[in-house]
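Dear colleague,

I am passing on the structure we spoke about, and below it I have set out what was found. Please keep it open beside you while you read.

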Amino acid sequence: MHHFRYAGQNLHCESVDLAEVARLYGTPTYVYSATTIEDNYTRIAGSMKGLDVRVCYAVKANSNLAVLRHLGNLGSSFEFASAGEMRRVLAAGAGVRESVFAGVGKTETEIRLALEAGIFAFHVESEPELARINHVAGKLGVKASISIRVNPDVDAHTHAKITTGTSANKFGIPLKHASAAYEAASKYPNITIKGIQSHIGSQITEVGPFEETLEKLGPLALELKERYGITYISIGGGIGVVYKDALASGPYSWWETLPEAKRPLTPEVYGATLAPALSGLGLKVLLEPGRSMVANAGVLLSRVEYLKRGQGKNFLIVDAAMNDLVRPAMYDSFHEIVPLRRDTTRRALVADIVGPICESTDCFAKDRQIQEVGEGEYLALMSAGAYGHVMASRYNTRPIPAEVLVKGSAFELVTARETFEEQISNEKIPAFLK
Ligand code: LLP
């Protein structure tokens, strides 16, 4: 459930009128609901009754400092994919001692920074990485805690570009090599074996692939517990969210009328289904949700620039573009798009909703039906809180968009829109051109 609702004609985030935010801070601007994030955190953290669960929020989904601080205050730990993400957590004033560092290409500098910060564990993705972590830890005179990311070769039935757990993907160490990798890890003097990890992909809307992963990993986890005394299993992130009719997915959403087996995955079903297999392992459970914590907590506000009536086709040209939200261009992903001011007396319009960038892929929605809107009116692209702002670029010399956090009736700008001067501040004309 999220906290975006029409109050009268105007779309609100919690108690804040989004049109007011758009007028104050301009567009495109991301707006996040702190209460929605809190609800998501509470649901996921409480989804596995009777188990010792730690949520390590996947920072890559939304690394805004205010969002990280909010989650840290709620008791979340973190999963980072780079030292930069770890430094964001620290800059936000949250701790990293219970947090984990994943990623296939950790550099020596990143490993050193993470060891100095005293993170909980590295999630190791290859044998050469083990050797490198051992080497860096030795130089610092410390022991590095690790888990190996095991690739279970499970098809997550999700978009090919966000599948990670099959043998065709670059991630982790194949299940059949995992025992040997742990054996090798146990011989390194500066490494302590702490657990086992797996992450099979993102936007997974059925629980089956997670169950299959646990079936495959369970025996190995028990073997490692006996051999090396591992204390935890991380089952990664990946819980999918509802993108279609996101605005309606409140307490009485369209899919709640479907038979249970056909409903999209919820944290409750995820937790209740996986808890029995997990409790048999007798290990602490780490969850690494990203999308399911923040996706439905964010929208991207945009202004309509033109309605262009083409040949047999309408184009609604807005001021947000693929540089601000790349998901539709990159993964053909669906985001619901709604007017900030709802007017049921207006006609419906069918249009391609596009940005101003000089690329045909700069299109948020094709032949989408929407209430007729004109120049100067605002739209919200729903469910944009995950993998939205973090994937923004400066393509076409457009600035990285602003971000606003809402809680109740309070709201604050938490990232200012980038200025042109900031954008070019690292560039210079070389002496040989002067
Ligand atoms: N843990 C690891 C090791 C991961 O690689 C990821 C995401 C997560 C946790 C969090 O997964 P989530 O709960 O968010 O599904 N940009 C893509 C999604 C890429 C996900 C990458 N890894 C998108 O916009 O759909």
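To begin with the ligand, a polar side-chain atom of Glu288 lies 2.7 Å from one of the ligand's nitrogen atoms. Please bear in mind throughout that this is a predicted model, and that the distances are computed from it. A polar side-chain atom of Arg327 lies 2.6 Å from an oxygen atom of the ligand, whereas in the case of Arg291 a backbone N or O atom lies 2.8 Å from a ligand oxygen atom. The ligand is surrounded by 18 residues, and the closest of these are Ser202, Glu288, Arg327, Tyr331 and Tyr387.

Turning to the chain as a whole, you will find that it is divided into domain 1, residues 34–289, and domain 2, residues 296–423. Where they meet, domain 1 gives 22 residues to the contact and domain 2 gives 23 residues. The C-alpha centres of domain 1 and domain 2 are 31 Å apart.

What do domain 1 and domain 2 bury between them? The area comes to about 2,000 Å², with 58% of it on carbon and sulfur atoms. On the side of domain 1 that touches domain 2, helix 2 (residues 34–45) supplies the largest share, namely six residues. The residues on that side of domain 1 divide into nine nonpolar, eight polar and five charged.

As for particular pairings, there are zero salt bridges between domain 1 and domain 2, but six residue pairs, both at pLDDT 80 or more, are in polar contact between domain 1 and domain 2.

With best wishes

Terms used
Residues numbered from 1 in each chain as written. Predicted model: local features only at pLDDT ≥ 70, side-chain atom pairs only at ≥ 80, totals over all residues. Heavy atoms only, no water. Domains from an automatic or database assignment. Contact = heavy atoms within 4.5 Å. Buried area = accessible area lost by both parts, 1.4 Å probe. Salt bridge = Lys/Arg side-chain N within 4 Å of Asp/Glu carboxyl O. Polar contact = N/O pair within 3.5 Å; in protein donor to acceptor, adjacent residues only side chain to side chain. Helix = DSSP H or I, 4+ residues; strand = E, 2+ residues; numbered from the N terminus. Nonpolar A, V, L, I, M, F, W, Y, C, P; charged D, E, K, R; others polar. Near = heavy atom within 4 Å.
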